[in-house]
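Dear colleague,

Please find the structure below, followed by my notes on what turned up when I went through it.

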Amino acid sequence: MLLQLRLATGTDRARDLSRELSRDLHSPPLASLAPLAPLAPLAKLQTRRRVRLTRFLQVKADLLDGSRCAWTDQVRLRHVGTDCVLSVVLSARSASGAVLSAGSSRETSRRSRLTWDLARQISRDLDRSESGGSAGDDSAREEARSAPPFLRRKTSRSASRSTFLVEQDDEMVEVIPTSDLTSELSLFELVPQYQATKGHVGLLQLMRIRHVVTGYWLH
Amino acid sequence: MSDDFLHIGDFITVYDDVSDGYVGAHGISSNQVAMREVSDPLHPKLVAKEAVFVLLQQHNYASYRQMRSFLEREGLSAHAALSDPRYRQLCDAVDSERAHNRQEFNQTCGREVRYGMIVQLQQESSHKYLSVSRQPAELNADGRRVVLDAEAAESAWVRIMPRLRVHSEGEKVHVGDPVTLEHVQTGLRLMVDQRLPDGRCEVIATQQALTGFKLNLFRLHDDDASAHDTLLGSQPVRPVPKRKPLRLGMQVLTPAPPPPLHPSPHRCDSSTRRPRVISASTESASRRALPRT
C-alpha cells in the first residue's frame, strides 16, 4: 500500500502544505490540518480528536537522533495520543485455520511455526503454479522451501508469484500498539515507491512501510 | 560546514558520561532540572521531550530589566500597571527587544560555538530556558537550584568552559567534548548531585563543580531550517494512504464495565483501558459531516 507522510503539526507551514496537498486528486484534503477557529464548537471537538488519533511521532531507532531521515534508516511510529508504538505480534493463520500468536517469551518457537506454515503453503503454491510450466527451477524451489519467507520472495520469478498468492491467502501479521519503545519488533523501514529514489525521505514522496523483522508490508 | 563542531541553533543534549544520563526537565509539571539515567525505565519514553535543548546566542535583556525594576519600584503587579503609560512604553520596548533578539538569532544561526562564549540553552519542548534560581538546592544547601524558566532573562546566560586542559578559550567546541557550564551571573558551575525521590539526580550550581558534561548533537541547525520537504527524526507525521481516504489511527478503548453484582466503592481498573490500532475508515463520512471552511 502506498503511503505519504504528512506533517501533523499545527504550524502555518503545515497548513500551507495541507492546502497544497488538497489539490491532489488522488488524496483527500487535509481537513484535520485546517485552521480550527472558524468551525463550530462540536465540529472543532471532533476535528481535534481526529487530529490526536491520527498523529504519530516518527522516531528513529536511536531515540536521540533528530536529524533528517534517510531511506535506509529504521524508524518507529509512536502514537502521540496513547504514547504507544506500532509493533508486530508474530501470528499467522495456519493451514488448519488455527491462529498462531507469538509473545515475547515463546517468540522463537512460534516464529519457527510461522515459518513452517508459510513454507508449506509456498511449496504447495509452487507445485500448483509449476505443474504445467517449466521444470528447470528445482533448485530455486528447494531454496524457497528452506529460506525464511521474506527472503524466499527473491529466489525466483515463480517464487515471487507464489508469495503473492500466499499474501492473498490472508497470511498477515497483526500490528499492535505496545509501550516498549526499544523492541526490535517495532522497527519499520520506509521504502520508496521508485527504487531510484535516494537520499532523504521527502514528506510528499510515496512510500511503503515494511516491518524490519518479518519483512512484511503495512497494509 | 563541518558537523563536528557545535553551532548556534543546533539541537543538543547535555550528557553526563559518569552517571550515564541526560540532563532535562519536564518543563510543564515540574521545572526542576535533573539528570535521568539511561537505565531508568522512563528514559526511552521521556528523553526526547526532556533532554533536547536549543543552543541560542546571548540575548539582550536591558528593556526587560527596566520593566522589572519599574514594577518593583512602584510595587505594582503587571496587570495593575497596564494603565500606566510609562509601563506601556516599557512593554513596547520589551517587544522590540525580543524581535531584535530573534533577528539576531537568525543572523548568528550556524556560527560555531567557541569556548568562553556565552550561550543560552532553551528546552525544545517547553521553550523555557535553563537557568539558576536564587533558591537553594533541594538536597544540598551549598548549591543553588537549576530550573527551567521562561522569563529567566540574564540568569539564563551560561558560559561554555573547557573541562580538559588541552582545550583553551577561543577554540571551537567539538560535539562530545567534555565541558563545564558556568553560570554567568553567579560564577557557579553546574554539576550532578544527589538522587531525588523520583529517581533522577539533581542538577545544582555550585562552586566546586566536578561534573563534566558532553554536548551531543540531536539535530543540526540547518536540518531544521531545511525541513520544509524532508522528514526529521521525532517529527509528528500522519501516514496517509495514497488511493484510499483513510488514516492510520489509534484510540484507547474503554469497554463498558459489567454491572456490579454487589455495590462496591468506586474503583478504576486501568487494565481495561488499552490502545488499539484502528484505520479511520469513516474519515470521508466524518469529513462530510464537518462544515468546510
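A term to begin with: pLDDT is the predictor's confidence in each residue, on a scale from 0 to 100. Chain A averages a pLDDT of 58, with 39% of the residues scoring at least 70, while chain B averages 83, and 83% of its residues score at least 70.

This is a predicted model, in which local features need a pLDDT of at least 70 and side-chain atom pairs count only at pLDDT 80 or more, whereas totals for chains, interfaces and linings use all residues. Residues are numbered from 1 along each chain as its sequence is written, and chains are lettered from A and ligands numbered from 1 in the order in which they are written. For the complex, the predictor gives an ipTM of 0.73 and a pTM of 0.70.

In chain A, pLDDT stays under 50 over residues 9–45, for which the model has 46 contacts beyond four places in sequence, and also over residues 92–137, for which there are 61 such contacts; two residues are in contact if their C-beta atoms, placed from the backbone, lie within 7 Å. In chain B, pLDDT stays under 50 over residues 267–272, with two contacts beyond four places in sequence, and over residues 280–293, with 26. Confidence in chain B is lowest in helix 5 (residues 283–289), at a mean of 37, and highest in strand 5 (residues 118–123), at 96. Helices (H or I, at least four residues) and strands (E, at least two) are DSSP runs, numbered from the N terminus.

Helix 2 (residues 62–74) of chain B and helix 3 (residues 85–108) of chain B pack at an angle of about 155°, with their axes 8 Å apart; axes are lines fitted to C-alpha atoms, for helices over the stretch in contact, and angles run from 0 to 180 degrees between N-to-C directions. The two helices of chain B are therefore roughly antiparallel to each other, a term for angles over 145 degrees. In their contact, B:Ser63, B:Tyr64, B:Gln66, B:Met67 and B:Phe70 of helix 2 meet residues of helix 3 that include B:Leu90, B:Val94 and B:Glu97.

Just after helix 2 of chain B, B:Gly75 takes a positive phi of about 70°, and helix 3 of chain B is followed by B:Gly110, whose phi is also positive, near 100°.

With best wishes

How values were computed. Parallel < 35°, antiparallel > 145°, perpendicular 65-115°, else oblique.
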